[in-house]
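Subject: Structure for you to look at

Hello,

Here is the structure I promised to pass on. Please open it alongside the notes below.

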Amino acid sequence: MTSIDLRRQKSISAKDIEVAGIGGAAEIIIDSRAVLEDSTRDMLAKYAIAVRFTGAAEEQTPSVPLATAADSPRVEASFYSRAALDIKDEICSVGRKLWLRGFVDGNGGNISYRIGENEIICTPTLFSKFDMTSDDLCLIDLDGNQLAGRKQPTSEVRLHLEVYKNTPQAKAVVHCHSPYATAYAICGCVPPPSISSEFDVFIGRVALASYETPGTLEFAETVRPYVAHHNAILLANHGVLCWADTPTHAEWYVENLEAFCQTFLIARQFGVPYSRIPKEKAEALKSIRKKQGLPDCNGDASFPPVLS
C-alpha cells in the first residue's frame, strides 16, 4: 500500500487529497489532532484513500477507508449528518450516565445505535464511557466492517450485531455491568416477575444467556434465542444487555432492571414474606407492555431459575 505521510500538517485540505490520489496513494497518515475540512471527505471518497490517525500520545490505529466513491453519500448520511451528530451526542450522554451510576468501570460497557439499514454507530474499544466524545465513535456495517471513525469499534460489537440481525424493532443496544443485576447473572438466576408494576411493564421476564468468552462470536450467539422476546438479558458471569428504540430508552431499561434487583434484595432482607401482584392485575400490566410495543417475554421454551 502506497502511503503519504501528512502528520506535520494541522489541517488536511481537499487539494492535499487530490495530489495524493493523482500520485497513486492508497493511504494517508495524519496526526489525530489534524482537522479534516468538509470537502476533504468527498475527495477521500473519490480516490478511495484510507486514513490512518496517529499521535504522540496514542498508538497507531489501523487504516480505515472512510468510504468508497459509491458509498460516500450513504456514509455521510449515516455518520456526518445532523441526525447522526445528535445520535452521537446522545450515545455520549448515555455513556456518562452509565459511568456516573457505577454501571460501567474502566473501559467497560458499550453502546450502539442502528442509524441505517446496514449502518450502526457504536462506541470504541478500550475507552472510558465518561471521557468519550462524539469524535471517538465509529460507524460499522452489519458484518462488523468499519466504515468510518478514527478509533476501532468495541471488541464486543458482535453482541450488538446479533441483536440487530434478529430483532428488527431494535434500534439501540446498551451493554454494561450494573452490579445488582450482574449479581443475578453470576448466581445463574433472574429476578421474579409480578412484584413491581414498573418492572413488569418495562422489563417483564428477564432472560439469562449462557457464558462464553466476551468478544467472541460464540459470546454474541448466546443472546440469539432471547433477543426477539426479551428487551433485557442477563449475560452469565458478565453483565447486562438491554435494547430499545433509542440509546436513552435502552439505558432507562438498564436502570429499571438494576433498581428492581437492588430493591428486591432489600425486601428479602426484611425477613418477612413479600407480596406478589395478583394474577389478573399482572395480566393487565402485560397489556400495557404490549401497547408500549415491547416484546412478550414468552417466546422461550424454558426460563432460568427465579431467585425468590
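Below is what was found, from the whole chain down to single residues.

First, the ground rules. This is a predicted model, where local features need pLDDT of at least 70 and side-chain atom pairs count only at pLDDT 80 or more, while totals for chains, interfaces and linings use all residues. Residues are numbered from 1 along each chain as its sequence is written, and side-chain values use heavy atoms, with hydrogens and water left out.

The chain as a whole. It holds ten helices and 14 strands (DSSP runs, H or I of at least four residues for helices, E of at least two for strands, numbered from the N terminus). The chain has 308 residues, and 49% of them count as buried (under 20% relative accessible area, 1.4 Å probe, protein chains only). Its accessible surface is about 14,500 Å², with 53% belonging to carbon and sulfur atoms (Shrake-Rupley method, 1.4 Å probe).

Cysteines. The whole structure has zero disulfides (pairs of cysteine sulfur atoms within 2.5 Å). Cys-138 is in no disulfide; its nearest cysteine sulfur, that of Cys-122, is 4.8 Å away. Cys-138 is buried at 0% relative accessibility. Cys-92 is buried too, at 3%.

Thr-40. This residue sits in helix H2, residues 38-47. Thr-40 is buried, with a relative accessible area of 0%. Its side chain reaches the backbone nitrogen of Ala-14 at 3.4 Å. Beyond neighbours within four places in sequence, Thr-40 is in contact with Ile-12, Ser-13, Ala-14 and Ile-17 (heavy atoms within 4.5 Å).

Best wishes

Note on methods: Buried < 20%, exposed > 50% of the residue type's maximum accessible area, 1.4 Å probe, protein only. Polar contact = N/O pair within 3.5 Å; in protein donor to acceptor, adjacent residues only side chain to side chain.
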